[in-house]
Amino acid sequence: MTLDFNHKPSFADRVTEAVDDALTADQATRTPRDYLGGSRLGHACERALQFEFMATPKDDGKEFSGQSLRIFAIGHVLEDLAVAWLRQAGFDLYTRKGNRPDGGQFGFSVAGGRIRGHVDGIVAAGPEGFGLAVPALWECKTMNAKNWRSCVKDGVTKSKPVYAAQIAVYQAYMEAQVPGISANPALFTAINKDTAELHHELVPFDADLAQRMSDRGVRILQATDAGELLPRVTVNQDFFECRFCSWADRCWGAPA
Ligand code: SF4
């Protein structure tokens, strides 16, 4: 028998593993959502969105890792901080109905509840001197330094089309509840997770984008009801999106 003294996990590894085991166990108890998330409609691939909507099991080893779950959780905490900072700066920002902790989140539900979304917040008034048109949708994202820099350089619409699509869809679908929200530019906050730098921009409503995303949602629902699989985004399995897709094995194993 050979004794291996080299691969004993360190104290740090063991603690992280214990945390990640707890997080992944907790995640496994959560019911997968049974609707198409409005925030996801701008994803490059309609087939991937369809897999997501159908709660299709991910390929082996593609479930969220403990680290991914920690990244999501940190993003949520940073978003709460951004709410506090903006309020301190004089933005009248509503994140829950009545701005009460027990008030429900603002959101929408369309297509018989099969497309839904929850908004980060609604700006009811800006600080003096900003001339902010309200009510305005507020959307907050956290990013690593590289993505944040590209967002600052090119703007959210070009650098993060998925977020731009989400903003357009939310502005459109929230209009019935918050009249005027689609007429006014949305306030977008991007937090640099590495440096705590902030980026803000106003995003005008793009009705055409909202319509295209809404049509896309309908297409996904109809194809699913008909038992059809929507086309792949590419003919090349090495395509960027496919390399990171949770259903790549299933997708490329299926007939085109
Ligand atoms: S593997 Fe590629 S084509 Fe297939 S669902 Fe994923 S992103 Fe779409």
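This is a predicted model: local features need pLDDT of at least 70, side-chain atom pairs count only at pLDDT 80 or more; totals for chains, interfaces and linings use all residues.

Reader: How many bridges join β6 to β7?

Author: Strands of a sheet pair through backbone hydrogen bonds, either parallel or antiparallel. β6 and β7 run parallel. Methionine 143 has asparagine 192 in β7 as its bridge partner. The number of bridges joining β6 to β7 is 6.

Reader: In which sense do β5 and β6 pair?

Author: Strand β5 covers residues 121-125. Isoleucine 122 stands opposite leucine 137 in β6. Over 3 bridges, the sense in which β5 and β6 pair is antiparallel.

Reader: How many of the residues of β6 are buried?

Author: A residue counts as buried under 20% relative accessible area. Ala136, Trp138, Cys140 and Thr142 point one way from β6, with Leu137, Glu139, Lys141 and Met143 pointing the other way, and all are buried. β6 is therefore largely enclosed by the rest of the structure, its buried residues being 8 of the 8.

Reader: Which element gives the most to the largest nonpolar core?

Author: This core has 35 residues, and those with the most contacts inside it include Leu36, Val119, Ile122 and Leu137. Two or more residues come from each of α2 (46-53), β6 (136-143), α4 (145-154), α6 (161-174), β7 (186-192) and α7 (207-225). With 8 residues, the element that gives the most to this core is α6.

Reader: How many residues has the other core, the one that lies apart from it?

Author: Among the residues of this other core are Leu78, Phe91, Leu93 and Ile191.

Reader: Within what arc do the buried residues of α4 fall, seen down its axis?

Author: Ala145, Trp148 and Cys151 are buried in α4. The buried residues of α4 line one face of the helix, because, seen down its axis, they fall within an arc of 125 degrees.

Reader: Which exposed residues does the face of α4 turned away from its buried side carry?

Author: The buried residues of α4 are covered by elements that include β6, α5 (156-159), β7 and β8 (198-203). The face turned away from that buried side carries the exposed residues Lys146, Arg149 and Lys153.

Reader: Which residue with a positive phi follows α4?

Author: The phi of this residue is near 85 degrees. The residue that follows α4 is glycine 155.

Reader: Which strands are the edge strands of the open sheet of 3 strands?

Author: The order of this sheet is β1-β4-β3, with mixed pairing. β3 and strand β4 (residues 115-118) run antiparallel and are joined by 4 bridges, and phenylalanine 108 stands opposite glycine 117 in β4. Each edge strand pairs on one side only, and the edge strands are β1 (36-37) and β3 (107-110).

Reader: Is tyrosine 35 buried or exposed?

Author: Tyrosine 35 lies in the loop between α1 (11-28) and β1. Not counting residues up to four places away in sequence, tyrosine 35 touches Phe53, Gly113, Arg114, Arg116 and His118. A residue under 20% relative accessible area counts as buried. At 14% relative accessibility, tyrosine 35 therefore counts as buried.

Reader: What is the relative accessible area of histidine 43?

Author: Histidine 43 is found in the loop between β1 and α2. Not counting residues up to four places away in sequence, the residues that histidine 43 touches are Ala48, Leu49, Val162, Arg216 and Glu241. Histidine 43 is buried, with a relative accessible area of 17%.

Reader: How many residues of the shell around the ligand are charged?

Author: The ligand is surrounded by residues including Cys45, Arg47, Arg232, Cys242, Cys245 and Cys251. The elements that give two or more residues to this shell are α2 and α9 (248-253). The shell divides into 9 nonpolar residues, no polar ones and, as for the charged ones, 2.

Reader: What percentage of the residues of the protein count as buried?

Author: The protein has 9 helices and 8 strands, and its C-alpha atoms fill a box of roughly 75 × 50 × 40 Å along the principal axes. Of its 256 residues, those that count as buried make up 40%.

Notes: Residues are numbered from 1 along each chain as its sequence is written. Side-chain values use heavy atoms; hydrogens and water are left out. A nonpolar core is a set of buried Ala, Val, Leu, Ile, Met, Phe, Trp, Tyr and Cys residues joined through side-chain atoms within 4.5 Å. Buried means under 20% relative accessible area, exposed over 50%, partly exposed in between (1.4 Å probe, protein chains only). The arc is that of the directions from the helix axis to the C-beta atoms. Contact means heavy atoms within 4.5 Å. A residue is near a molecule or strand if one of its heavy atoms lies within 4 Å of it. Ala, Val, Leu, Ile, Met, Phe, Trp, Tyr, Cys and Pro count as nonpolar, Asp, Glu, Lys and Arg as charged, and the others, Gly among them, as polar. Two strands pair if DSSP finds at least two bridges between them.
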